[in-house]
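Welcome! Here is a short tour of one protein chain, meant to be read with the structure open beside you. Take a moment to turn the model around before you start.

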Amino acid sequence: MPTQAKAAVIDEITERFQNSSAAVLTEYRGLTVAQLTQLRRSLGEGSSYAVVKNTLTKRAADSVGFSDLGPLLNGPTAIAFIEGDPVEAAKAIRDFAKANPMLVVKGGVVDGRTVDAGEVTRLADVEPREVLLAKLAGAMKGNLTKAAGLFQAPLSQVARLAAALQEKKAADAPAEAADAPATDDSAAAADTTPETAAQATESPAADAASDD
């Protein structure tokens, strides 16, 4: 491949790494074109699944701080670049691998950090945001033991719950502000001390056969 063409491929893969919420590296040996197309479609709109050339992908990964992916870039490699919800994409890859055991997940990148194959699998087991919120609501209406049990879930699930709660809090904030009673300015000023004032200061062009 001419040097100029290689540079274009590296730039494109680099851009995919930068713009994707997740990237999952897989070995696809033995899968048909039809099967790979099926997997690509299952990942959701905006996502892609493409065969890559290992040497060029390694250079792209190095350029964006994902050097840990180097050992995974061997043998026939294809990468799922995810632009939507990483959890839903991980579920799609897990379900496809169950039906097509020749697909092997090697690892990847999720939210800017490298992960191993086991973490990709755990990500696929995280429940949807709506389910987590419903469980939390039920737990809070129940008892503390039930609520504590929810937070003993896998770390990835707890992190997803925390993000969902943050989104819900942000959405509810305008309504709460509108309902809040007016405060007395003089009382607010009286409550401001030096201490509290200080505290007030958050598909790639590389779709060609990979090298072993």
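Predicted model: local features only at pLDDT ≥ 70, side-chain atom pairs only at ≥ 80, totals over all residues.

- Let us begin with the strands: five of them form an open sheet in the order 2-3-1-4-5, with antiparallel pairing.
- Strand 2 and strand 5 (113-116) sit at the edges, and each of them pairs on one side only.
- From one strand to the next, the twist averages 20°.

**A closer look at strand 3**

- Is strand 3 mostly covered or mostly uncovered? Strand 3 (residues 77-82) is mostly covered, as six of its six residues are buried.
- Thr 77, Ile 79 and Phe 81 point one way, while Ala 78, Ala 80 and Ile 82 point the other way.
- Six bridges connect strand 3 with strand 1 (residues 22-27), and the two pair in the antiparallel sense.

- Helix 1 (residues 3-19) lies across strand 1, strand 2, strand 3 and strand 4 (104-110), and it runs at about 45° to strand 3.
- Helix 5 packs on the sheet too, touching strand 1, strand 4 and strand 5, and its direction makes about 90° with that of strand 5.
- How do helix 4 and helix 5 pack, and at what angle? Their axes are 7 Å apart, at an angle of about 105°.
- Angles of 65 to 115 degrees count as roughly perpendicular, so helix 4 and helix 5 are roughly perpendicular to each other.
- Where these two helices meet, Pro 86, Val 87, Ala 90, Lys 91 and Arg 94 of helix 4 face Val 120, Leu 123 and Ala 124 of helix 5 in contact.

**The nonpolar cores**

- The largest nonpolar core has 26 residues, and those touching the most other members are Tyr 28, Leu 39, Leu 43, Tyr 49, Ala 80, Ile 93 and Leu 103.
- Strand 1, helix 2 (33-42), strand 2, strand 3, helix 4 (86-99) and helix 5 (117-124) each supply at least two residues of this core.
- Which element gives the most to this core? Helix 4 does, with seven residues.
- Apart from this core lies another one of 16 residues, including Phe 17, Ala 61, Phe 66 and Phe 81.
- Beyond its neighbours within four places in sequence, Tyr 49 is in contact with residues including Thr 26, Leu 36, Arg 40 and Ile 79.

- Leu 72 lies in the loop between helix 3 (54-63) and strand 3.
- Leu 72 has 22% relative accessibility, so it counts as partly exposed.
- Not counting residues up to four places away in sequence, Leu 72 touches Leu 25, Thr 77, Lys 106, Gly 107 and Gly 108.

Notes: Residues numbered from 1 in each chain as written. Heavy atoms only, no water. Buried < 20%, exposed > 50% of the residue type's maximum accessible area, 1.4 Å probe, protein only. Helix = DSSP H or I, 4+ residues; strand = E, 2+ residues; numbered from the N terminus. Pairing = 2+ DSSP bridges. Core = buried A, V, L, I, M, F, W, Y, C linked by side-chain atoms within 4.5 Å. Contact = heavy atoms within 4.5 Å. Axes fitted to C-alpha atoms, helices over the stretch in contact; angles between N-to-C directions. Parallel < 35°, antiparallel > 145°, perpendicular 65-115°, else oblique.
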